[in-house]
Amino acid sequence: MRSEREDVIFQALLLIYIPVACFFTAVSCQSDSSSSVVVAGYNLSAPAGSRMVLQCVSGRMVWTRDGVRDRQRVVHWDMYRAYPDYAMERVVDMFSAGDQRIYNSYNLGRVGLSPKAFKDGNFSLVIKDVTMNDRGLYSCNLHHLYCHLYETLRIQLNVTKSRRKEQRYWDGQKAVYVVLLGSTVVLPCINRRAVWTDWSEEEEDQQVVHWDRQSPGVRHDRADRLVDLYASGEQRSYGPLFLQRKMNISNQAFAEGDFSLTIWDLQPSDQGRYSCHLHHHYCGLHERREFQVTVEPPLIQTTELAKALPSEDKDTAKVESPRVITVILPEQRHHFLMPLGYVLTTFLLLAFVILIIILITRRCRTKEFYPQASMRSSRSQSSSDEFEMDVTEVNACSREERRFDYKNNLLKEKVHVNTQPKVIDLDKEMQKFSK
């Protein structure tokens with residue numbers, strides 16, 4: 001009975017253990033794959049037998065021994081005054097050795113930082129006996145020259161005389177502190193990352209670079225390790241000896257920050273995805289650069305045959321080498337359409353020029369026609385004037401004829417009335433007629 005219970009318990013534990021183990025292995029694989037961030041990816045191809053260089057350069061991985069390590073980290077507080085001169089003023093700074101430097105003598109004894117700031121990560125600024133001159137925009141700046149890290153935190157400080165107006169709030173971009181005049185205020189700036197609070201004595205063990213090769217169809221976690229390189233100078237190569245001789249990294253890699261991998265005598269078996277992993281555990285740097293390498297067929301080098309010297313024998317037959325004409329036919333259709341487009345464009349341009357010439361000639365002809373019409377109009381005006389003059393002359397002549405007829409009629413009437421002939425004074429009669 002007991003043995004059956006133990007078997008049941010063992011099977012239950014086994015069923016629980018299997019999924020838990022699978023879960024943790026999956027998580028570990030994901031953590032390994034995501035431990036470094038891919039910052040660049042390249043596709044490279046080269047013919048077989050050539051040399052290929054996979055460039056992997058990072059200035060943040062340059063390792064130098066500095067005798068004054070403590071001066072590699074610094075914190076400084078600055079204040080921006082909006083009035084009256086809109087100027088930036090340095091308030092205080094401190095190096096990791098613990099030395100503080102206050103720039104304004106007015107702030108001596110009333111402004112300062114904690115001496116243990118680089119141990120507990122508390123870089124807050126303490127201001128005692130706050131005055132109206134302390135109003136402004138403060139910025140806490142952390143610089144790590146060795147790791148190339150720069151962080152900034154901004155706080156707006158306002159001073160009030162009313163205790164009811166004291167408050168602290170976030171305006172969407174920065175924290176705003178409204179404090180009472182004459183009180184003590186602490187502007188917070190806390191960063192407890194190990195890069196700011198600790199300095200490893202064994203720094204060379206904190207930096208490592210390694211190259212992996214992932215064959216086609218192989219997962220990332222199954223990639224083959226090619227080489228490991230430590231800041232201390234130790235280098236470990238993996239795989240067969242001939243493979244180690246084909247691939248190498250410069251001995252001055254950490255001094256120059258150049259961790260490029262050189263592959264000699266490239267072969268089709270060298271195809272795959274290569275990864276350059278850069279790890280700086282102290283600075284928190286974890287980067288990966290990937291290279292997809294493709295090997296092409298080797299280049300065929302053609303050599304010209306030496307021409308034979310002409311022989312002195314006249315009977316020897318001269319054999320001429322056949323002339324070969326190479327015709328390259330494009331594979332795509334648009335190559336045939338391009339000449340046709342050029343022809344159509346030329347034809348349209350020619351038609352446009354002809355049309356312009358025709359319009360210009362027609363315009364010149366119309367200009368020649370309009371002056372003749374003006375001459376005709378002038379002639380017509382002169383003829384009309386002459387016609388008017390002739391009409392006036394005709395009217396005058398008709399009047400004279402009418403006067404003459406009237407005189408004759410008067411003479412006839414007087415002859416019939418008076419049987420005796422009388423002498424008629426024509427001049428008097430004409431005067432009467434005219435009156």
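**Disulfides, burial and strand pairing**

Q: Why is the disulfide of cysteine 147 and cysteine 283 called left-handed?
A: The torsion about its S-S bond is about -65 degrees, so the disulfide of cysteine 147 and cysteine 283 is left-handed. The model is a predicted one, in which local features need pLDDT of at least 70 and side-chain atom pairs count only at pLDDT 80 or more, while totals for chains, interfaces and linings use all residues. Residues are numbered from 1 along each chain as its sequence is written, and side-chain values use heavy atoms, with hydrogens and water left out.

Q: What makes cysteine 147 and cysteine 283 a disulfide?
A: A disulfide is a pair of cysteine sulfur atoms within 2.5 Å. The sulfur atoms of cysteine 147 and cysteine 283 are 1.7 Å apart, so the pair meets this definition.

Q: Which parts of the chain does the pair of cysteine 147 and cysteine 283 tie together?
A: Cysteine 147 lies in the loop between strand 8 and strand 9 (149-160), and cysteine 283 in the loop between strand 18 and strand 19 (285-296), so parts that are 136 residues apart in sequence are tied together. Strands (E, at least two residues) and helices (H or I, at least four) are DSSP runs, numbered from the N terminus.

Q: Why are cysteine 147 and cysteine 283 called buried?
A: Buried means under 20% relative accessible area, exposed over 50%, and partly exposed in between (1.4 Å probe, protein chains only). Cysteine 147 has a relative accessible area of 1% and is therefore buried; cysteine 283, at 3%, therefore counts as buried.

Q: How many disulfides does a search of the whole structure find, and what pattern do they follow?
A: The search finds 3 disulfides. With bonded cysteines counted along the chain, their pattern is 1-5, 2-4, 3-6.

Q: What is known of the disulfide between cysteine 56 and cysteine 276?
A: The sulfur atoms of cysteine 56 and cysteine 276 are 2.1 Å apart, and the torsion about their S-S bond is about -75 degrees, so this disulfide is left-handed. The pair links distant parts of the chain, 220 residues apart: cysteine 56 is in the loop between strand 2 (52-54) and strand 3 (73-80), and cysteine 276 is in strand 18 (residues 272-280). Cysteine 56 is buried because its relative accessibility is 0%, and cysteine 276 counts as buried because its value is 0%.

Q: Which residue is the bridge partner of tryptophan 211 in strand 18?
A: The partner is cysteine 276. Strand 13 (residues 207-214) and strand 18 run antiparallel and are joined by 8 bridges. Two strands pair if DSSP finds at least two bridges between them, so strand 13 and strand 18 qualify.

Q: Why do strand 1 (37-47) and strand 15 (235-237) stand at the edges of their sheet?
A: The sheet is open, has 6 strands in the order 1-19-18-13-14-15, and shows mixed pairing. Strand 1 and strand 15 each have a single partner strand, so one side of each is left without a neighbour in the sheet.

Q: Why are cysteine 364 and isoleucine 360 called partly exposed?
A: Cysteine 364 has a relative accessible area of 42%, and is therefore partly exposed. Isoleucine 360 has a value of 49%, and is therefore partly exposed too. Isoleucine 360 is found in helix 6 (residues 334-417).
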